[in-house]
Amino acid sequence: MSVLTRDEAQTRAKLLDVHRYTIALDLTTGDETFESLTVIRFTMRAEADTFVELKPAELREATLDGAPLDPEALDGNRLPLKSLTAGDHELRIAASMRYSRTGEGMHRFTDPTDGESYVYTQLFMDDVQRVFAAFDQPDLKAVFDLTVKAPEGWSVLANGITTELGEGRWQAAPTPLISTYLVAVAAGPWHSVRTEHRGLPFGIHCRRSLAPYLDPDADELFEITRQCYDRYHEKFEEPYPFDSYDQAFVPEFNAGAMENPGLVTFRDEFVYRSAVTDTERQTRAMVIAHEMAHMWFGDLVTLRWWDDIWLNESFAEYMGYQTLTEATRFTDTWVDFGVMRKGWGYDADQRPSTHPVAPVAVEDTASALLNFDGISYAKGASALRQLVHWLGEKDFLAGINTHFTRHKFDNATLADFIDSLASATERDVHAWADAWLRTTGVDTLRPTVTRGEEGTYTLQTEHQGSRPHRIAVGLYDHDVADEGRHLVLRERLDLDVPQTTPQPIGKRPALLLLNDGDLTYAKVRFDTESFKAVTESLSGLPSALTRAVVWNALRDAVRDGELAPQAYLEAARTHLPHETDLALVQGVLAFAATYVADRYVTPDQRPAALATLSSLCRDLIRRTEDGDNPGLRLIAVRHCINVTSQPDTIAAWLADGTVPGGPELDPELRWRVLARLAVLGATDETEIAAELARDPSATGQEGAARCRAALPTEEAKAQAWEAMFTHDDLSNYLFTATAQGFWQPEQADLVRQYVPRYYEDAVALAARRGPAIADAAGRWAFPDYALDTDNLALGEACLQDADPIPALRRKLTDQLDDLARALRVREA
């Protein structure tokens, strides 16, 4: 299959205007394929050759202006259109298309709970070609007129309001001008809840088996949707540009969600079958806000080519967090961003695969797909937060609204956006964009505090990097009222970095914190006195966002080999028992377990690390015995299960169906316990099968696959490996679950033989099954607990000699860099 290059897209955009797609899909022809009939009306500006893309199971018929085209001329995914004359044309293509099991194109899923089947599209980047023929590039917008024939009892959702015509046929209202990758269809026996807001139909939809879990949350979901919708209409002068707003929670979805105009699709793990924390509800609300922002950033105004993907994702990320903070009960969302999302950006930006937020050129669609990472999301959003702080929100929003007015239902570039911003301010936003959006890497800020002759102090900030920063500096003193256990804010100073002159700070503070408030994107360090205050009084800082900046600084210092992993564990052991913000507790525990205990400490140090975390979790469980903080208790119970080295306690929880004092073990906790017991060799296939009989849902199927792959036997590992790399029938989710169970730090010797096999088998698998499975194989099936130079050498040889497809190459590059970093941390 040929990937579309930037040059090809530019050439084709100069040649033709696409007016309308009339698409008829027939979903009644079986479980493997569906029928797709597409009529494309377009105009050529000059006589030339071009091509249309599709990836059919069978190309049945193609005609151009009524004259037949040879189906045998299809070359991979391109059907040549030769010697087209200037003027109007009509292309008609009938094809049989394959359903996907990997979340790409038209994904088909059969619910094991009730046997009902569902299909939905995910057409991002170039997967529209798996569903219908198209001139597939974002700057050839058109009207899409869609009809669908569906099995009896199904309903059909699409970008516009759908109408049932009878005999299983559904008609969607024609769309405004949108890009090919934004077309959406979701069909099946959906459970739907509907309402209306400001004259616009709202709907939420899920599988029937999830109805008992969606219905109790429907009011919350609609409230968040209404609040974000109203707030965006206060910010944006352009009204919501589509005829309805549906949100469908769909199975086996590869992303968190997708911003299809009028029909946003979400992974249906956001329909909670088990207890969740308020922070997890906040995350779901943020995704709702993020995707709604895309209705303007991405759907109304669309990037011209994929080098400007940040114009979609960075803006939606920033607007999602900011709007949620302004409009809903979730007022501390930037804490969650700081402790959970920002590290994603920092990590990505320090790998060999880093790239600018706005790359100068993305050569083709395969390369573009790799840029959906922590840089395009977290770093880009951080850059925009810094821009708003520097520019002022009034001018920022004025520039955005100018951008919408100039380019609505059209395409735009970074240059267009910067011009729109420049029209609203006297500041040099072009220079800002060059410094922030065209560069790579993370700046580091280090304070030097100097005592003057009169006993007052000054601050000079060492700046490693190239970007200008406008930051706040927090000066904190010990609270004498409680013998210094807490820190109180004396003053918060504004500071421009690079610093031209020393900044007076008065008397010496106990803690001097750079980037207090987390308004820029940079790693920060502490001077000696401040680090002492952090180790003693971190939990006594008054603001959760301030504590997030400190925890991120400690995290970065560990990753850079400047702070011992055990010191991070000790800080967690000391301060998390007093932490009140759930996002901070979750983020710190996740890093402490997944990175510090599992990778950064040596094997002989790991038992002590797990013991420290177990002791911490038991403290948190004791602290929540009164039932006042069920979210904190749930986090503590989850992590207690994850880090336990002795099976007896959690086995008793599973047998009793409850943790003493609560919570009762819901399906998520039961599978979590069973997975840990499997790792420890304290369960077997009989118990896994019994649990699957108790929970035969899709989530249960994944839980069973994870547990079976985690069993510490040669037979279990061989079966899991064969399922992943020999048979190609695992769906994307079942593949991921199996991979998650396979590699375990406790089982390094058992699975050592699979380390060299991984590289050959993963390369072959990725070539057969494509980018989605390649991504899963690189992310989840990688032998990341084989922390030795042999594994590193094998991986580097694979990159040099084996020619993995781009999606796998990118994942391997990142994983190997993380592996090398872990080895450096151990050595340090």
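This briefing describes strand pairing, helix packing and backbone geometry in a single structure.

The model is predicted, so local features need pLDDT of at least 70 and side-chain atom pairs count only at pLDDT 80 or more, while totals for chains, interfaces and linings use all residues. Residues are numbered from 1 along each chain as its sequence is written, and side-chain values use heavy atoms, with hydrogens and water left out. Helices (H or I, at least four residues) and strands (E, at least two) are DSSP runs numbered from the N terminus.

- An open sheet of eight strands has the order 5-4-7-2-1-10-13-12, with mixed pairing; two strands pair if DSSP finds at least two bridges between them.
- Strand 5 (67-68) and strand 12 (162-166) are the edge strands, and each has a single partner strand, so one side of each lacks a neighbour in the sheet.
- Helix 1 (residues 6-15) packs on this sheet and touches strand 1 and strand 2, its direction making about 100° with that of strand 1. Contact here means heavy atoms within 4.5 Å, and angles run from 0 to 180 degrees between N-to-C directions, with axes being lines fitted to C-alpha atoms, for helices over the stretch in contact.
- Strand 1 (residues 16-26) and strand 2 (residues 33-44) run antiparallel and are joined by ten bridges.
- Within this pair, Thr22 is opposite Val39 of strand 2, and Asp26 is opposite Glu35 of strand 2.
- The hairpin of strand 1 and strand 2 has six residues between the strands, and Gly30 there adopts a positive phi near 125°.
- Strand 1 also runs parallel to strand 10 (residues 143-149), to which seven bridges join it. Thr22 has Asp145 as its bridge partner in strand 10.

**Strand 16 and its partners**

- Strand 16 (residues 200-206) is largely enclosed by the rest of the structure, because six of its seven residues are buried. Buried means under 20% relative accessible area, exposed over 50%, and partly exposed in between (1.4 Å probe, protein chains only).
- Strand 15 (residues 191-197) pairs with strand 16 in the antiparallel sense over seven bridges, and Glu196 is opposite Pro201 of strand 16.
- Strand 17 (residues 245-250) pairs with strand 16 in the parallel sense over four bridges, where His205 is opposite Ala248 of strand 17.
- Two residues lie between the strands in the hairpin of strand 15 and strand 16, and Arg198 takes a positive phi near 50° there.

**Helix packing**

- Helix 18 (residues 648-656) packs against helix 19 (residues 667-679) at an angle of about 140°, and their axes are 10 Å apart. Helix 18 is therefore oblique to helix 19; angles under 35 degrees count as roughly parallel, over 145 as roughly antiparallel, 65 to 115 as roughly perpendicular and the rest as oblique.
- Ile650, Ala651 and Leu654 of helix 18 meet Arg670, Val673, Leu674, Arg676 and Leu677 of helix 19. This contact of helix 18 with helix 19 comprises six nonpolar, no polar and two charged residues (Ala, Val, Leu, Ile, Met, Phe, Trp, Tyr, Cys and Pro count as nonpolar, Asp, Glu, Lys and Arg as charged, and the others, Gly among them, as polar).
- Helix 25 (residues 771-779) and helix 27 (residues 806-827) pack at about 15° with axes 8 Å apart, which means that helix 25 is roughly parallel to helix 27.
- Helix 25 and helix 27 have a right-handed crossing. Pro771, Ala774, Asp775, Gly778 and Arg779 of helix 25 make the contact with Ala807, Leu808, Lys811 and Gln815 of helix 27, a set of four nonpolar, two polar and three charged residues.

**Backbone exceptions**

- Most residues other than glycine have a negative phi, and most peptide bonds are trans.
- Val497 and Pro498 are joined by a cis peptide bond with omega about 5°; Pro498 lies in the loop between strand 25 (487-497) and strand 26 (503-506).
- Gly662 and Pro663 are likewise joined by a cis peptide bond, with omega about 5°, and Pro663 lies in the loop between helix 18 and helix 19.
- At 1% relative accessibility, Asn515 counts as buried.

Note on methods:
A crossing is left-handed if the near helix is turned anticlockwise from the far one by less than a right angle, and right-handed if clockwise.
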